[in-house]
Amino acid sequence: MNAREIIIYLSLMHDGDWDKIYSDIQNKVKNFSDDDIKREISKLKCKCITIIDADYPNELKNIYKPPFVLYYYGDLSILNNTEKIICSIGTRKPSNYGVNMTHMVLGGLPKDIVIMSGLAAGIDVESHKTAINSGLKTIAVLGSGIDNCYPKENKDIYDEIKNNHLLISEYPHCSRPNRAHFPMRNRILAALSKTVFVTDASIHSGTSITVSFALECGKNVCCIPHHGGEDSLCNKLIKEGAALIEKTDDLLEEIGYKN
C-alpha cells in the first residue's frame with residue numbers, strides 16, 4: 001500500500017469526515033490491511049484526487065481544512081483556469097427578480113467562463129441551468145456523497161453535469177448530507193473561484209458563509225442590487241464594499257476578463 005491509497009481508504013472509512021481522517025493520519029492508525037484498502041477502493045464508481053497528487057488544485061492547499069480527497073465525475077481540467085471561474089450563489093428560495101437577474105447576467109457571459117455553484121435548490125441550480133443553456137461549462141460542488149444527488153429534484157441537472165461538465169465532492173459514495181457538510185462545501189466553492197457572485201440572499205442566509213470564506217481567500221465579491229428596505233445580503237455587502245453588478249459587462253469588468 002502507498003500513502004495515496006491509505007488517504008483514500010481513510011476517507012472512505014470515515015465518509016470524508018476531515019477530523020477523523022486527520023486523527024487517523026496523525027496517530028498513524030494501521031488497523032487495516034492491503035486487502036482492506038484494495039477492496040474498498042475497488043467499490044468507487046467515480047475518479048478521485050488526493051491532497052498529495054500533483055494535479056490537486058493549489059487553491060485548496062492553504063484553506064481551512066483542505067480536503068484530503070476530492071471525488072469527481074467529468075472533466076477535471078475545467079479547474080485549470082481558476083481566473084475564469086465565477087461562483088454564483090444565493091438563497092434556496094429566490095425572488096423572481098433574483099432568478100431573472102441571475103439568468104440575464106450569467107447568460108451573456110463568454111463561452112470560456114466557467115460557472116461554479118453548489119447544486120442546491122434556488123439560485124445554485126438556476127446558475128447551473130443558465131450555464132448549460134448558454135453553452136458554458138459548469139462545476140457543481142456537493143455537500144453530499146458524490147453518488148448522492150441532493151436535493152433529488154435536481155437529478156436531471158446532476159446527471160448533465162456529471163456526464164458533460166464537472167461534479168465534485170469530498171464525500172464518497174452515497175454519503176448523506178448533514179448540516180456540517182454545507183459550510184465545509186462552501187470553503188471549496190470560495191477557494192476554487194476567481195469571484196463570488198451573490199444574486200439573491202437574506203442577511204442571515206448560509207450564503208454569507210461562502211462570502212466569509214471568499215474574503216479570507218482574498219477573492220472578489222460582487223452582488224446584484226435589490227430594493228431598499230428588503231432583508232438583502234446583497235445590499236449589505238454592497239454597502240461594505242462589494243461590487244455592484246447590474247449587467248454582464250459589470251461582472252466581466254470585475255473579474256478583469258480578457259478574451
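Val198 touches Ile89, Thr207, Val211, Cys222, Cys223, Ile224, Cys234 and Leu237, leaving out residues up to four places away in sequence. Contact here means heavy atoms within 4.5 Å. This is a predicted model: local features need pLDDT of at least 70, side-chain atom pairs count only at pLDDT 80 or more, and totals for chains, interfaces and linings use all residues. Residues are numbered from 1 along each chain as its sequence is written, and side-chain values use heavy atoms, with hydrogens and water left out.

**Nonpolar cores**

- In soluble globular proteins, nonpolar side chains tend to be buried together.
- A nonpolar core is a set of buried Ala, Val, Leu, Ile, Met, Phe, Trp, Tyr and Cys residues joined through side-chain atoms within 4.5 Å.
- Buried means under 20% relative accessible area, exposed means over 50%, and partly exposed lies in between (1.4 Å probe, protein chains only).
- The largest nonpolar core has 35 residues, and Leu79, Ile139 and Val198 touch the most other members.
- Helix H7 (residues 181-192) gives the most to this core, with 5 residues.
- Another core, of 28 residues, lies apart from it; Tyr9, Leu10, Val69 and Tyr158 are among its members.

**The sheet**

- Helices (H or I, at least four residues) and strands (E, at least two) are DSSP runs, numbered from the N terminus.
- Strands of a sheet pair through backbone hydrogen bonds, either parallel or antiparallel.
- Two strands count as paired if DSSP finds at least two bridges between them.
- An open sheet is formed by 9 strands, in the order E1-E2-E6-E5-E4-E3-E7-E8-E9, with mixed pairing.
- Strand E1 (47-50) and strand E9 (243-244) stand at the edges with a single partner strand each, so one side of each has no neighbour in the sheet.
- E3 pairs with strand E4 (residues 114-117) in the parallel sense over 3 bridges, and Ile86 stands opposite Ile115 in E4.
- Strand E7 (residues 195-200) runs parallel to strand E8 (residues 220-223), joined by 4 bridges.
- Phe197 has Cys222 in E8 as its bridge partner.

**Covered elements**

- In a regular strand the side chains alternate between the two faces of the sheet.
- In E3, 6 of its 6 residues are buried.
- Ile85, Cys87 and Ile89 lie on one side of E3, Ile86, Ser88 and Gly90 on the other, and all are buried.
- Helix H5 (residues 123-133) is mostly covered, with 8 of its 11 residues buried.
- Those buried residues include Ile123, Val125, His128 and Ala131.
- The buried residues of H5 pack against E3, helix H4 (96-107), E4, E5, H6 and E7.
- Gly135 follows H5 and has a positive phi, near 80 degrees.
- Asn154 sits in the loop between strand E5 (137-141) and helix H6 (155-164).
- Asn154 is buried, with a relative accessible area of 7%.
- Beyond its neighbours within four places in sequence, Asn154 is in contact with Leu119, Ala120, Ala121, Val125 and Cys149.

**Cavities and pockets**

- On a 1 Å grid over the protein atoms alone, a cavity is a set of points where a 1.4 Å probe fits but cannot get out; a pocket is an open set with protein on both sides within 12 Å along at least five of seven lines; lining residues have an atom within 4 Å of a point.
- Grid points are joined across faces, edges and corners, and a volume is the space filled by probe spheres set on the points.
- The structure holds 2 cavities of 30 Å³ or more.
- The largest cavity has a volume of about 60 Å³, and its lining includes Arg92, Gly118, Tyr150 and Arg185.
- The second largest cavity holds about 30 Å³, and Trp18, Phe68 and Glu170 are among its lining residues.
- The largest pocket has about 300 Å³ of space.
- Of the 17 residues lining the largest pocket, Arg92, Arg185, Asn186, Gly206 and Thr207 lie nearest its centre.
- H7 gives the most to the lining of the largest pocket, with 5 residues.
- The second largest pocket has a volume of about 210 Å³.
- It is lined by 15 residues, and Asp17, Trp18, Tyr171, Asn178 and His181 are the closest to its centre.
- Helix H2 (18-26) and H7 each supply at least two residues of the lining of the second largest pocket.
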